[in-house]
Each structure stands twice: as C-alpha cells, then as structure tokens.
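Colleague: I've got a few things to ask about the ligand site and a charged pair. Could you put the model up first?

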Amino acid sequence: MQKIAILTSGGDAPGMNAAVRAATRGAIARGWEVYGIRNGYAGLLADTMDELHARDVGGIIQRGGTVLGSARSPEFQSDAGVEKGLSNLRSRGVDGLIVIGGNGSQTGSYRLHQEGFPVVGVASTIDNDLYGTDVTIGVDSAVNVTLEAIDRLRTTGSSHQRAFLVETMGRNCGYIALMTGIAGGAEVIVTPEREVEPHEVVERLGAAYSRGKTHAIVVVAEGAKHGARAMMDYFKEHRGTIGFGLRLTTLGHVVRGGVPTAADRVLATRLGAAAVDQLASGTTGVMMGSLCNTIAATPLAEIAGRTKPIDCALLELARVLAQ
Ligand code: ATP
C-alpha cells in the first residue's frame, strides 16, 4: 500500500474531521501518500481529489461538519457509477480507500469491495443505526445538543404549564429520541421501532396534568409514523383532555452542526487510525466500529443493507418512570 484516498459520505456528523485527521496522519506516518476526495462519492465520480499533508488536517479536530465535504450521489448507486469510481481510483494509482459514513455509504464501500478494491469503512452517522458498532461518530454530539434543547424547553414549559412536542433527527432510527427522552425525563417517547398512537399520547399527557405536573415533554423521532406535526394537529383537537398548553419544536439540522464532543473526537481518532492499520494488515472489506469499547472490524457483507435495533426495554423504563 503506497497511496490511499479518504472520503466522507452521507449526512455530515460531528467528529468526521477527527477521523480524517487520524487517518491522514496515521497513513503519512507509514510513509504513504494520502488523497482527500471532495464531496463523497460524487467527488469520486468527478475525480476531484487533492493530496493531503499533515498540515492540511491541522486545526480541524474541534470543528463540526467535514472539511472534505459530503454529498449524496444517486449516480454512484448504479453499476456504471461504481465502475466509474473504480476507474478513477485506479487511474490515480490509489491502492486503498477509507470511507467515513453511515449505512448507505458503507453499502457503497461494499460494492467497491465486491469489485475487488481494498476498502475499509469507518462508522459515522448521527443516526447510530449501523450494525457492527455500538456507537457511531457523531451520535454523542447530536444527543447532547438535542438534550440541551429539551432541558431548555422543560424550563420554559414549567413556567407556563406547557407540554412540548420535540421532533428529533435520526431518519428511520429512534436512537436519538430514545437516549434524549431517557436523559431528558420525557413523559412520552415515540420512535419508528415502537410507535405510540396519538390517542395514547393524549391520555398520558392528560394523566400527567391530572397528577399535578407543571410541564411535559413528548419526544418524537422524525421517522415515526405519526410525525410531530401530525401529532400536534391531533393534540389541538383534544386540548381539553390534555390540560397543558401545547407547543411544537422541530430541532432539525441544528443538532448536527455543532462542535464534536470529546467522546466523538476520541472515537473518531481511534477509528480513523484503526482504518489505516486495517488497510496495512491487508484484510479489507470491513468497517471499523466500537464493540464493548474495543475497536472491531466487521465484514461489510454483514453490514450492508442491515440496521441495528434500539433497546426497546428502555422505552418501557421511560414509561414507568414518567410518573
Ligand atoms: P446518514 O444516514 O448519516 O445520512 P448514510 O451513509 O446512510 O449516512 P446515505 O445518503 O444513505 O447516507 O448514503 C450516502 C451515499 O452512499 C449515497 O448518496 C450513495 O452515493 C451511496 N450509496 C448508498 N446506497 C448505495 C448502494 N446501494 N450502492 C452504492 N452506493 C450507495
């Protein structure tokens, strides 16, 4: 291995830069040349890559987003797209690729691996829905920003006897909703994995109001069947049963734009460096993740097209504790 390339793909996640820095410097320490591909697979197809030196990745460990840029590339999902990507890598003389991204991105990695190209994935998405890792780069930051918002909403909710519906990010995965609902003491948590029907939410809010609560938080994952906005419309029709005043807050992209937490920087650093070691070992076609706080390489074949379930027992715990 003499020349490798790195790309970041899918939704940006706080900590991606720390992974780029670790992979770049780890590879340079081995005497390899490193190329940064701009804007994920779209940049691979456009053949936009520049050499990265140690100084190029200085001062980025604390920055959110990704200095390499990211994109969603429908073109890369076709056989012709994968072929073009491979051809660009080979004509540049690249002999190993590191893909930092989530589920879709690692499915792309798997396609390259199937074509015989040495590729190693790094688990990075705020959704934390990747199989093969307990945590992904970015989720700790996103959970903490979401939690801070919930704490603030609870304070103002208490002053006005209001219930807040908070829509969290996470695509089809309820992990962020679950974690922030638990840590924020939510009265109700609604996730795609375990839906709560609007009439049941109304009942639970009404009961909480009757028990003398001064505020209530309902966390709704963006992928839930009854989205926060639809649920709000339903609530308005049943205002009398609920008791609380009602407000809706959609957090959206604000939760993934911030500074990466220490946990995300450390995880990203470990995974980025481990990806280089993995390329050097010659066993590729794997994704680097963290299982039981140990860095682990899981075959991309096991990851592609699969998602990790959330711990639904925690939803029941949250329900019991919302007394
Ligand atoms: P996040 O969920 O955090 O946004 P992700 O990696 O899951 O991250 P996606 O938009 O699903 O984000 O995928 C990113 C990119 O990966 C896609 O735009 C596409 O270029 C590539 N990709 C996704 N699925 C495939 C596939 N089946 N084959 C090849 N490439 C794919």
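Modeller: Here are some questions and answers on the ligand and the salt bridges.

This is a predicted model, where local features need pLDDT of at least 70, side-chain atom pairs count only at pLDDT 80 or more, and totals for chains, interfaces and linings use all residues. Residues are numbered from 1 along each chain as its sequence is written, and side-chain values use heavy atoms, with hydrogens and water left out.

Colleague: How far is a polar side-chain atom of Arg72 from an oxygen atom of the ligand?

Modeller: Polar contacts here are pairs of N or O atoms within 3.5 Å. Gly104 makes one through a backbone N or O atom at 2.8 Å from a ligand oxygen. For the Arg72 side chain, the distance is 2.5 Å.

Colleague: Which residue forms a salt bridge with Asp47?

Modeller: The rule asks for a side-chain nitrogen of Lys or Arg within 4 Å of a carboxyl oxygen of Asp or Glu, and the count comes to 10. In Asp47's bridge the closest N and O atoms are 3.1 Å apart, and the partner is Arg92.

Methods: A polar contact is a pair of N or O atoms within 3.5 Å; within protein, one must be able to donate a hydrogen and the other to accept it, and residues adjacent in sequence count only if both atoms are side-chain atoms.
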